[in-house]
Structure formats: structure tokens, C-alpha cells
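These are my notebook entries on a single chain, written down as I looked things up. I begin with how strands pair and then turn to a few single residues.

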Amino acid sequence: MARGFNQQRGVEMIERIWRSSVVAFVFAAMAMLSPTASASMSGIDHLADNLSVTDFWVNGTGGFQAGQGGRSAPGPALPEKWHPGLTVHVVWDVRDWERDKGSRHETDVLVDPYTEDGDLWVHFLANGTVRVVVSNMGP
């Protein structure tokens with residue numbers, strides 16, 4: 001009797017392992033097949049000379065200090081194909097070097113239309129707005 005019970009537990013355990021493996025495989029396949037764009041990102045600072053974007057984040061992914069586009073960081077995942085209404089959440093810190101003050105800003109930004117994978121360029125404009133572009137061309 002004990003032997004039959006142990007065999008049944010063994011079969012149940014193998015079935016659980018098999019189901020867990022199948023579920024893990026399905027999730028891994030979904031992650032690999034989920035098309036995304038944006039290999040890296042750079043911030044472009046279009047602010048006055050006394051102001052600079054000292055740090056920024058796009059959808060929670062940090063982009064370091066914005067400048068003239070020479071420094072890049074891994075970018076957040078975006079859909080491979082652009083669609084109307086595609087937005088990202090941008091948070092950025094601005095430092096005023098003349099007044100020795102800083103401030104944090106955040107907004108949701110519509111991503112410019114794109115037709116192919118590329119790097120994410122985050123433009124911090126002088127009027128306080130942000131423009132997000134996916135492109136293979138530099139700034």
C-alpha cells in the first residue's frame with residue numbers, strides 16, 4: 001500500500017514539474033516574440049546655458065545627464081511598430097547653476113512616429129516641453 005502511494009506522489013510531482021516547465025516556456029517565448037524597439041537612449045539639452053538636465057528617466061529607465069547626445073544608456077522597451085497615442089513617462093531634474101537651485105519635472109510625452117527600430121532621443125526644449133524621437137540618426 002505504501003509503495004502505491006509513493007508512486008502516485010511521484011507521478012503527481014512529475015506532472016507538476018511538467019506543467020511548470022510548460023508555463024515557463026510559454027512566458028519565455030512570449031517575451032522573446034514581443035517585438036520592441038529602442039536599443040539605447042540619449043538626452044539632448046536645449047536649455048539656456050545656466051540650466052542643465054542633470055538626470056532623466058523614461059518609463060523608469062535612467063538616462064544620466066542630458067547634453068549633446070554623446071552619452072547613452074540602455075533605453076526602455078517600446079513597441080516595434082509605432083501607433084497613435086504611444087506615450088512615455090519622462091522625469092527629469094534641472095539645475096540652475098546661476099541661482100544654485102534645482103527642480104524636478106515630469107510629464108507624459110507622445111512619441112514621434114517611427115517606421116523602424118532605433119535609439120531613443122529625448123529632447124529637453126527651452127520652453128519646458130520634451131520631445132521623444134526613435135531614430136537611427138544622431139542628434
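The model is a predicted one, in which local features need pLDDT of at least 70 and side-chain atom pairs count only at pLDDT 80 or more, whereas totals for chains, interfaces and linings use all residues. Residues are numbered from 1 along each chain as its sequence is written, and side-chain values use heavy atoms, with hydrogens and water left out.

Entry, overview. I counted 1 helix and 10 strands in the protein chain, and the helix comes at the N-terminal start of the order α-β-β-β-β-β-β-β-β-β-β. Of the 139 residues, 32% are buried, where buried means under 20% relative accessible area, exposed over 50% and partly exposed in between, with a 1.4 Å probe and protein chains only.

I looked up which strands belong together and found 4 of them in the order 4-3-7-8, with antiparallel pairing. Strand 4 (61–62) and strand 8 (101–110) are the edges, and each has a single partner strand, so one side of each lacks a neighbour in the sheet. Strand 7 (residues 87–96) is joined to strand 8 by 10 bridges, and I noted Val91 opposite Glu106 of strand 8.

Strand 10 is mostly covered, as 5 of its 6 residues are buried.

Entry, Ser135. Beyond residues up to four places away in sequence, Ser135 touches Gly118, Asp119 and Trp121, contact meaning heavy atoms within 4.5 Å.

Entry, Asn50. Asn50 sits in the loop between strand 2 (40–45) and strand 3 (51–58), and it counts as buried because its relative accessibility is 17%. Setting aside neighbours within four places in sequence, I listed Arg95, Asp96, Trp97, Glu98 and Arg99 as its contacts. The side chains of Asn50 and Asp96 are joined by a polar contact of 3.1 Å.

Note on methods:
Two strands pair if DSSP finds at least two bridges between them. Helices (H or I, at least four residues) and strands (E, at least two) are DSSP runs, numbered from the N terminus. A polar contact is a pair of N or O atoms within 3.5 Å; within protein, one must be able to donate a hydrogen and the other to accept it, and residues adjacent in sequence count only if both atoms are side-chain atoms.
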